[in-house]
Amino acid sequence: MCGFVGFISKDVNDPGVLRAMTKMISHRGPDSDGFFEEGSVHFGFRRLSIIDLESGSQPIIASTGNAVIVFNGEIYNYQDIKKDLLKTGYEFKTDTDSEVIIAGYERYGIDELLSKLRGMFAFTIYDKKKDIIVGARDHFGIKPYYYSKQGDDFLFGSEIKAFLRYPKFKKEINTRALKHYLVFQYNPLDESFFKGVNKLRPGHYYTYEDGKMDIKKYFDLVLDYQDMSLDDSIERIDKAVSESVKYHQISDVEVGAFLSGGVDSSFVVSKSRPEKTFSVGFENDGFDETVYSKDLSKRLGIKNFSKMISPDEFFEGIDKVQYYSDEPHANLSSVALYFLARLAREHVKVVLSGEGADELFAGYNDYEVPFLHKLYKLLPFCLRHKLYDMSKDKQHFRGRTIIMKYGEKPELSYIGQANVMSDDEANDILKNRYKNDEKASDLTAKYYDKVRDMDDASKMLFLDMNMWIVDDILLKADKMTMANSLELRVPFLDKEMWDLARKIPIKHKMAKSTTKYAFRKAAERIIPKGWSRRRKAGFMVPFVSFIKEEKYYKIVKEMFAKPFAAEFFDSEKINELLDMHYKGLQNTGRKVYNIYTFLVWYEQYFVNEIPQ
């Protein structure tokens with residue numbers, strides 16, 4: 001696992017620029033650095049040595065001398081591709097997957113190469129013969145890729161913070177992003193919070209030639225349910241997980257695993273049997289799942305390392321999360337993940353984790369329709385919608401939740417796993433410059449349009465695969481582990497796993513009022529039933545309890561009172577949200593956290609001096 005930066009410029013030729021940019025991502029690769037500069041092309045690289053520890057440094061120049069690559073990620077089937085390339089007479093200088101990519105690019109071309117790759121990746125190639133740059137991001141967006149045009153210059157890299165060291169980079173906030181951030185808890189736009197800096201979407205690649213960028217899609221998520229029995233679904237899941245875990249354990253260093261109290265990580269650990277597992281919890285009552293992790297590890301004969309996070313550590317960790325995330329990020333579990341990664345890095349360089357199972361196999365509680373809800377859904381939609389209109393502006397009352405959930409179609413009511421505020425609520429607390437009329441449903445529409453004829457659970461699952469998992473789950477997974485120089489691997493987010501999951505009928509994913517049903521039944525073959533049947537709880541974080549204590553309430557209050565906060569927010573309204581929560585009048589903790597994390601991020605990137 002590594003990180004890269006680079007730029008194309010005819011007049012920025014100072015070698016110190018590239019080195020300063022590369023230094024900004026040294027946490028992604030503490031083992032070594034490397035540089036390539038030729039003409040207008042400048043590549044910088046930081047390496048975390050995982051495969052071919054001795055000779056795998058980058059940038060790597062193809063044996064032909066005609067192409068150069070910087071690559072972040074792991075290609076799990078690189079040995080299979082290499083065998084084919086050896087038959088063509090290609091002479092490899094290393095045993096790395098990086099060189100397989102550059103050799104495959106020359107042999108197959110970019111389209112055929114991408115069709116062969118199985119893994120997580122972001123890479124940039126300089127094709128000397130064609131004098132073009134080619135960049136690509138993996139199928140699901142496991143690894144990040146940012147780019148920006150600055151005048152006639154072109155920047156690209158694994159993290160935005162590296163761009164801040166480019167002399168022509170103009171640091172401005174993207175005013176369109178804040179309102180959506182308050183709604184989603186992450187930035188759902190292709191343009192980042194830094195104006196003019198964009199995210200290459202998953203399953204896309206680009207060519208850059210003569211100052212022009214041409215972006216193409218090479219992989220598309222398509223749900224294609226097929227007629228298969230429940231038993232067949234369970235059997236195929238079991239085999240697919242075994243194979244994917246085996247591929248994801250390929251490494252020249254020890255591979256550990258994250259382990260929570262849930263079925264996903266327990267399934268991975270039971271299949272992979274690492275020597276070490278890692279878990280975190282909180283000191284508050286009811287927020288500690290490490291007891292489950294320790295129990296399963298003991299049953300499997302595996303050493304478990306755990307840490308309890310104190311409230312003070314949590315608040316200190318928020319600063320770390322916002323810095324390393326590049327953009328403001330309000331998923332509460334990011335702080336826990338930061339400390340989990342730090343704990344794991346004391347023992348290993350690589351860990352397996354369970355991200356992706358909920359999206360592939362329908363694991364979120366929102367997808368489930370309990371029995372009473374099913375009865376309510378028997379009412380004509382026009383009546384349910386009328387009740388929704390009558391109730392949407394009222395305070396909570398018994399039954400309001402079900403009325404709100406089924407009074408609108410998912411296309412209008414469901415925007416993902418973290419609908420923190422409504423569009424109106426976000427606009428209400430913002431200053432005029434940051435308000436906008438674009439609705440969350442305007443952003444989700446392009447994905448819902450692709451599954452308009454499918455059932456509600458499939459629609460929600462498909463949306464989460466395209467938005468939530470990319471810009472929330474995988475972003476925090478990459479940034480928090482890389483902040484600690486740790487490589488995270490996600491066996492469930494595998495090309496072959498997706499090809500199976502997209503074919504399993506929704507009736508097997510959601511059965512007997514149970515989410516992820518077929519997946520749980522497959523897991524039961526190897527993990528205790530208690531683990532496989534546990535309902536999805538997410539990573540429980542007691543922030544809403546913390547800020548009811550005076551000490552932590554004051555920390556947030558002081559941030560809300562800083563002069564720059566009034567540039568974005570109506571001070572009276574955001575303080576009212578905080579005070580209502582503190583006094584126990586209304587649970588507004590998640591809204592407060594969204595506002596607070598944005599301000600922490602802004603202070604670090606626009607008020608304080610960014611560390612070198």
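Lys 562 has a relative accessibility of 28% and counts as partly exposed in this predicted model. The side chain of Lys 562 meets that of Glu 603 in a salt bridge, with 2.7 Å from N to O. Distant parts of the chain are linked by this pair: Lys 562 sits in the loop between α25 (550–560) and α26 (565–568), while Glu 603 belongs to helix α28 (residues 589–607), 41 residues apart. Glu 603 has a relative accessible area of 15%, and since buried means under 20%, Glu 603 is classed as buried.

In total, the structure holds 47 salt bridges. Another of these joins Asp 11 and Lys 168, whose closest N and O atoms are 2.8 Å apart. Here too the pair links distant parts of the chain, with Asp 11 in the loop between β1 (2–8) and α1 (15–23) and Lys 168 in the loop between β9 (153–157) and α5 (177–184), 157 residues apart. Asp 11 is exposed, at 52% relative accessibility, whereas Lys 168 is partly exposed, with a relative accessible area of 35%.

A further salt bridge brings together the side chains of Arg 28 and Glu 159 (2.8 Å, N to O). Arg 28 lies in the loop between α1 and β2 (32–38), and Glu 159 in the loop between β9 and α5, 131 residues apart. Both Arg 28 and Glu 159 are buried.

Most residues other than glycine have a negative phi. Asp 326, however, has a positive phi near 75°. This residue lies in the loop between α9 (311–325) and α10 (333–345) and is buried, with a relative accessible area of 0%. Ser 513 likewise has a positive phi, of about 55°, and is found in the loop between α21 (506–509) and α22 (517–523). Ser 513 is partly exposed, at 38% relative accessibility. Elsewhere, the peptide bond from Gln 58 to Pro 59 is cis, with omega near 0°; Pro 59 is in the loop between β3 (41–47) and β4 (60–61).

Finally, helix α3 (residues 97–108) spans 16 Å from its first C-alpha to its last, close to the 16 Å expected. Of its 12 residues, 10 are buried, including Val 100, Ile 101, Ile 102 and Tyr 105. The buried residues of α3 pack against several elements, among them β4, α2 (78–87) and β6 (119–127). Just after α3, Gly 109 adopts a positive phi of about 90°.

Definitions and conventions: Residues are numbered from 1 along each chain as its sequence is written. This is a predicted model: local features need pLDDT of at least 70, side-chain atom pairs count only at pLDDT 80 or more; totals for chains, interfaces and linings use all residues. Side-chain values use heavy atoms; hydrogens and water are left out. Helices (H or I, at least four residues) and strands (E, at least two) are DSSP runs, numbered from the N terminus. Buried means under 20% relative accessible area, exposed over 50%, partly exposed in between (1.4 Å probe, protein chains only). The expected span of a helix is 1.5 Å times one less than its number of residues. Contact means heavy atoms within 4.5 Å. A salt bridge is a side-chain nitrogen of Lys or Arg within 4 Å of a carboxyl oxygen of Asp or Glu.
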